[in-house]
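Open the model in your viewer and keep the selection tool at hand. The tour goes from one selection to the next and says what is there.

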Amino acid sequence: MQPDISVKHLNKIYGDGFQALKDVNLEIYPGEIFALLGPNGAGKTTLISIICGIVNKGDGEVKAAGHDIVKDYRKAREAIGLVPQELNTDSFETVWHAVSFSRGLFGKPPKPAHIEKVLKDLSLWDKRNNRIMSLSGGMKRRVMIAKALSHEPRILFLDEPTAGVDVELRRDMWEMVRKLRETGTTIILTTHYIEEAEEMADRIGVIRQGEIILVEDKDRLMSKLGKKELRLHLQNKLEKIPGELTLEPVELSDDGYQLIYTFDAQQQQAGVARLLRTLGDLGIEYRDLQTRESSLEEIFVGLVHE
Ligand SMILES: Nc1ncnc2c1ncn2[C@@H]1O[C@H](COP(=O)(O)OP(=O)(O)OP(=O)(O)O)[C@@H](O)[C@H]1O
């Protein structure tokens, strides 16, 4: 199968001499949801911007839908929809007009039936005559996606689609992206959130300091890297970790008021239940507990120091 995106030996050095991408090789296939994960400044936006023709590339070859992004710029660009990180939605225009206009920017003739389908797929149909600025944050994000899909691209890039978005809206976005994939669109998203990649991606690429350090099937990657943390806020101070817990992956905070249990995302139930039972047996009381997933940055730190 011909990849929808093919990147070979791509380098990027910015004008100030900073090398943002180093020998990047990547292939993304039709109908995939591919998540590009990496910490701040890793080069995600640079890579996307090059593929989308917004930033000039250095050495190397990049193709979108089989078209070279330099020699065949128009065809390559036409195959791509981009939802940028910065949402530009302070618009007096109506949803319908904004989305139709975006299509026109690609030199495509009007096709109301397509715009209607996109708006319906994104649950924006009822809002088609509303001004964009009057919509909720979530609806505005949908409009950005609708604009990106207006010219019928087969590849959709979402640059940090849920940065700064609340949990409910994030789930909503995930659901919507999955639906889009069902229509056959190839989806590439960048994210800091490992949970987001976990929820949605078929494959994951990890980029760090301009290098793709890993491309892997999601399931395999998550079992390798995924860690969760349970933090117990204790009623009374502990001087040290009780002997019964020394075999567990438990740490005590410096002030003695928190026990921190770190576990593989895969094995949560058994370990947590055992820990809480042991605490009960020891009469150690806690007043609150929190769980959280490690951020990719933390996982990187773990990897780097291994
Ligand atoms: N125009 C530019 N000139 C010089 N350096 C740049 C330019 N644009 C980006 N960089 C640098 O390139 C590196 C990669 O930036 P990029 O925006 O691609 O990272 P990112 O992975 O998308 O990060 P974030 O998650 O913060 O958006 C950063 O160190 C950044 O400072």
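The model you are looking at is predicted.

**Stop 1: helix α3**

Select residues 95–105, which make up helix α3. Which of its residues are buried? They are Val95, Val99, Ser100, Ser102 and Arg103. Look down the axis of α3: these buried residues fall within an arc of 150°, so they line one face of the helix. Now turn to the other side of α3, where Phe101, Gly104 and Leu105 are exposed. After α3 comes Gly107, which has a positive phi, near 70°.

**Stop 2: the six-stranded sheet**

Next, display the open sheet whose strands come in the order β6-β7-β8-β3-β9-β10. Its pairing is mixed. At the edges are β6 (80–83) and β10 (211–217), and each of them pairs on one side only. On average, neighbouring strands of the sheet are turned by 15° against each other, if direction is ignored.

Strands of a sheet pair through backbone hydrogen bonds, either parallel or antiparallel. For a parallel case, select β7 (residues 155–159) and β8 (residues 186–191), which are joined over five bridges. Leu156 stands opposite Ile187 of β8, and Phe157 has Ile188 as its bridge partner in β8.

**Stop 3: strand β8 by itself**

How many of its six residues are buried? Six of the six are. In a regular strand the side chains alternate between the two faces of the sheet. In β8, Thr186, Ile188 and Thr190 are on one side, with Ile187, Leu189 and Thr191 on the other, and both faces are covered.

**Stop 4: helices on the sheet**

Bring the sheet back and select α6, residues 167–182. This helix lies across β3 (33–37), β7 and β8, and runs at about 155° to β8. Another helix to pick out is α5 (residues 137–149), which packs on the sheet and touches β6 and β7. The direction of α5 makes about 160° with that of β6.

**Stop 5: the four-stranded sheet**

Move to the open sheet with the order β2-β1-β4-β5, where the pairing is antiparallel. Its edge strands, β2 (19–28) and β5 (67–68), each pair on one side only. Select β1 (residues 5–13) and β4 (residues 61–64): four bridges join these antiparallel strands. One place to look is Lys8, whose bridge partner in β4 is Glu61.

**Stop 6: around the ligand**

Finally, select the residues around the ligand: Tyr14, Asp16, Phe18, Ala20, Gly38, Asn40, Gly41, Ala42, Gly43, Lys44, Thr45 and Thr46. Colour them by class, and the shell shows four nonpolar, six polar and two charged residues. Which helix gives the most to this shell? Helix α1 (residues 44–51) does, with three residues.

Terms used:
Residues are numbered from 1 along each chain as its sequence is written. This is a predicted model: local features need pLDDT of at least 70, side-chain atom pairs count only at pLDDT 80 or more; totals for chains, interfaces and linings use all residues. Two strands pair if DSSP finds at least two bridges between them. Helices (H or I, at least four residues) and strands (E, at least two) are DSSP runs, numbered from the N terminus. Axes are lines fitted to C-alpha atoms, for helices over the stretch in contact, and angles run from 0 to 180 degrees between N-to-C directions. Two residues are in contact if their C-beta atoms, placed from the backbone, lie within 7 Å. A residue is buried if 20 or more other C-beta atoms lie within 10 Å of its own, exposed if 12 or fewer, and partly exposed in between; C-beta atoms are placed from the backbone. The arc is that of the directions from the helix axis to the C-beta atoms. A residue is near a molecule or strand if its C-beta atom, placed from the backbone, lies within 6 Å of it. Ala, Val, Leu, Ile, Met, Phe, Trp, Tyr, Cys and Pro count as nonpolar, Asp, Glu, Lys and Arg as charged, and the others, Gly among them, as polar.
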